[in-house]
Every structure is written in C-alpha cells, then in structure tokens.
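Colleague: Could you take me through this structure feature by feature, with the general idea before each case?

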Amino acid sequence: MFDDNDFVCRHMQLTKADIIKVIRDKNISSFEVLQDETDIATICGSCVADIEEILEDEIAKREV
Ligand code: FES
C-alpha cells in the first residue's frame with residue numbers, strides 16, 4: 001500500500017494524495033477521465049493497477 005506522499009505514478013510525479021485530490025475535486029468515477037485530467041499512466045503504464053485500486057477505494061467511500 002502507498003502512503004499519501006508516495007509517488008504512485010513516478011513518470012507524472014503524482015503521489016497518492018495528488019490522485020485522491022483530483023478524484024474528489026472532480027468527482028471522477030472512471031480511469032479514462034482521471035487520465036484525461038492528469039495524463040497519469042501515459043508513459044510506462046506500470047502504475048495502472050495501483051491507480052485503479054485507489055480510484056475504486058474512493059468510489060467505494062462515496063457510496064457509504
Ligand atoms: S509510473 Fe505511471 S506512467 Fe510510468
């Protein structure tokens with residue numbers, strides 16, 4: 001698991017906290033929209049599974 005200040009996407013220099021902020025601010029529910037907003041995972045793509053997990057966690061929190 002990542003801490004808030006860990007880079008999840010090293011290529012785009014995005015930490016877990018950065019990603020969560022964008023997801024919450026823009027109420028994002030899909031990976032494609034998140035990618036449009038941030039260009040996340042557009043270089044090597046090795047971060048995709050971790051980003052999807054963070055996004056799913058955030059969506060699940062909304063539904064509580
Ligand atoms: S680590 Fe995210 S694109 Fe390479």
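Predicted model: local features only at pLDDT ≥ 70, side-chain atom pairs only at ≥ 80, totals over all residues.

Colleague: How is the packing of two helices described in general, and at what angle do the axes of H1 and H3 cross?

Modeller: Two packed helices are described by the angle between their axes and the distance between the axes. In this model, the axes of helix H1, residues 16-25, and helix H3, residues 48-62, come within 10 Å and cross at roughly 45 degrees. H1 and H3 are therefore oblique to each other, and the crossing in which H1 passes H3 is right-handed.

Colleague: Which residues of H1 and H3 make the contact?

Modeller: On the H1 side the contact is made by Lys16, Ile19, Ile20, Ile23 and Arg24, and on the H3 side by Ile54, Leu55, Glu58, Lys61 and Arg62. Sorted by class, the contact of H1 with H3 has five nonpolar residues and five charged ones, with no polar residue.

Colleague: At what angle do H1 and H2 pack?

Modeller: H1 and H2 pack at an angle of about 110 degrees, and their axes are 11 Å apart. That value makes H1 roughly perpendicular to H2, because angles of 65 to 115 degrees are placed in that class. The crossing of H1 and H2 is right-handed. In the contact itself, Ile19, Val22 and Ile23 of H1 meet Leu34, Glu37 and Thr38 of H2, and by class the residues of this contact divide into four nonpolar, one polar and one charged.

Colleague: Turning to charged side chains, what is the general idea, and how many salt bridges does the structure hold?

Modeller: Side chains of opposite charge can pair when their charged atoms come close. The structure holds four salt bridges. One of them joins Asp25 and Lys21, with the closest N and O atoms 2.5 Å apart. Being four residues apart in helix H1, Asp25 and Lys21 are separated by about one helical turn, and both Asp25 and Lys21 are exposed.

Colleague: Which residue forms a salt bridge with Glu58, and is Glu58 buried or exposed?

Modeller: Glu58 forms a salt bridge with Arg24, the closest N and O atoms being 2.8 Å apart. This pair links distant parts of the chain, since Glu58 is in helix H3 and Arg24 is in helix H1, 34 residues apart. Glu58 has a relative accessible area of 5% and is buried, whereas Arg24, at 52% relative accessibility, counts as exposed. If neighbours within four places in sequence are left aside, Glu58 is in contact with Ile20, Ile23 and Arg24.

Colleague: What does the salt bridge of Lys26 with Glu37 look like?

Modeller: The closest N and O atoms of Lys26 and Glu37 are 3.6 Å apart. Here too distant parts of the chain are linked, with Lys26 in the loop between H1 and helix H2, residues 31-38, and Glu37 in helix H2, 11 residues apart. Lys26 is partly exposed, with a relative accessible area of 49%, and Glu37 counts as partly exposed at 42% relative accessibility. As for networks, salt bridges that share partners join Arg24, Glu58 and Lys61 into one.

Colleague: Lastly, on backbone torsions, what is the phi of Gln13, and what is the phi of Ala41?

Modeller: Gln13 has a positive phi of about 55 degrees although this residue is not a glycine, and Gln13 lies in the loop between strand S1, residues 7-9, and strand S2, residues 14-15. Ala41, also a residue other than glycine, has a positive phi near 65 degrees. Ala41 lies in the loop between H2 and H3 and, at 11% relative accessibility, counts as buried.

Technical notes: Residues numbered from 1 in each chain as written. Heavy atoms only, no water. Axes fitted to C-alpha atoms, helices over the stretch in contact; angles between N-to-C directions. Parallel < 35°, antiparallel > 145°, perpendicular 65-115°, else oblique. Left-handed = near helix turned anticlockwise from the far one by under 90°. Contact = heavy atoms within 4.5 Å. Nonpolar A, V, L, I, M, F, W, Y, C, P; charged D, E, K, R; others polar. Buried < 20%, exposed > 50% of the residue type's maximum accessible area, 1.4 Å probe, protein only.
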